[in-house]
Amino acid sequence: MASQSLVYGGIIMDDARMEVVMGLIMHGGNAKGQAYQAIQFAKEHKYDEAEEALKAANEELKAAHDVQTDMLTKEAQGEHTEVDLYMVHGQDHLMNAITFRDMAVELSLIHISEPTRRTPISYAVFCLKKKK
């Protein structure tokens with residue numbers, strides 16, 4: 001069966017290419033959402049739920065990484081992948097998700113290390129208190 005193609009803005013988007021781009025966007029977005037949820041759980045002292053959300057974020061990031069690895073493997077084998085705004089957008093989603101997950105881990109650790117605090121405290125104030 002021949003691959004379907006769509007021409008959008010002068011760029012040919014066949015099914016395989018759209019799968020790559022949408023895989024990066026979808027899995028990256030899901031990972032970021034799970035990481036955000038982990039922060040919310042940690043703020044509510046729901047540490048088991050926070051850990052589960054971070055695990056789900058990691059699974060989504062692995063799925064996005066698998067899409068990216070497949071694309072890189074094909075590139076190494078001579079199948080060039082056109083870099084356009086769609087691909088950049090997909091990669092941007094993935095990189096933001098990775099950064100967001102990393103921050104969620106750190107923020108969750110702050111909430112876990114101060115579980116008896118009665119009032120919210122900013123990270124900057126937390127760091128200053130730790131230095132004293």
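## An aromatic pair

Two rings of Phe, Tyr or Trp form an aromatic pair if their centres lie within 6.5 Å. Keep that rule in mind as you explore this predicted model. How many aromatic pairs does a search of the whole structure find? The search turns up one.

Its partners are Y36 and F100, with ring centres 6.4 Å apart. Is the pair stacked, edge-to-face or tilted? Planes under 30 degrees apart count as stacked and planes over 60 as edge-to-face, with the rest called tilted. The planes of Y36 and F100 meet at 40°, so this pair is tilted.

The pair also links distant parts of the chain. For the surface, the middle category, partly exposed, runs between 20% and 50% relative accessible area. Y36 has 45% relative accessibility, so Y36 counts as partly exposed. F100 has a relative accessible area of 26%, so F100 is partly exposed too.

## The chain as a whole

Now let's step back to the overall layout. The protein chain has two strands and four helices. Starting at the N terminus, you can follow them in the order β-β-α-α-α-α.

The chain has 132 residues, and 29% of them are buried. The accessible surface of the protein chain comes to about 9,000 Å², and carbon and sulfur atoms account for 59% of that area.

Which contacts tie the chain together? Take the contacts with a separation of 6 or more: 66% of them are between residues 24 or more positions apart.

Y86 has a relative accessibility of 24%, so Y86 counts as partly exposed. Look for V20 as well: the C-alpha atoms of Y86 and V20 are separated by 9.9 Å, although these residues are 66 residues apart along the chain.

Helix α3 also holds Q91. Is Q91 buried or exposed? Buried means under 20% relative accessible area. The relative accessible area of Q91 is 19%, so Q91 is buried.

Which residues does Q91 touch, leaving aside those up to four places away in sequence? Its partners are L24, Q68 and M71.

Terms used. Residues are numbered from 1 along each chain as its sequence is written. This is a predicted model: local features need pLDDT of at least 70, side-chain atom pairs count only at pLDDT 80 or more; totals for chains, interfaces and linings use all residues. Side-chain values use heavy atoms; hydrogens and water are left out. Buried means under 20% relative accessible area, exposed over 50%, partly exposed in between (1.4 Å probe, protein chains only). Contact means heavy atoms within 4.5 Å. Accessible areas come from the Shrake-Rupley method with a 1.4 Å probe; for residues, only the protein chains shown count as cover. Rings of Phe, Tyr and Trp (its six-membered ring) pair if their centres lie within 6.5 Å; planes under 30 degrees apart count as stacked, over 60 as edge-to-face and the rest as tilted.
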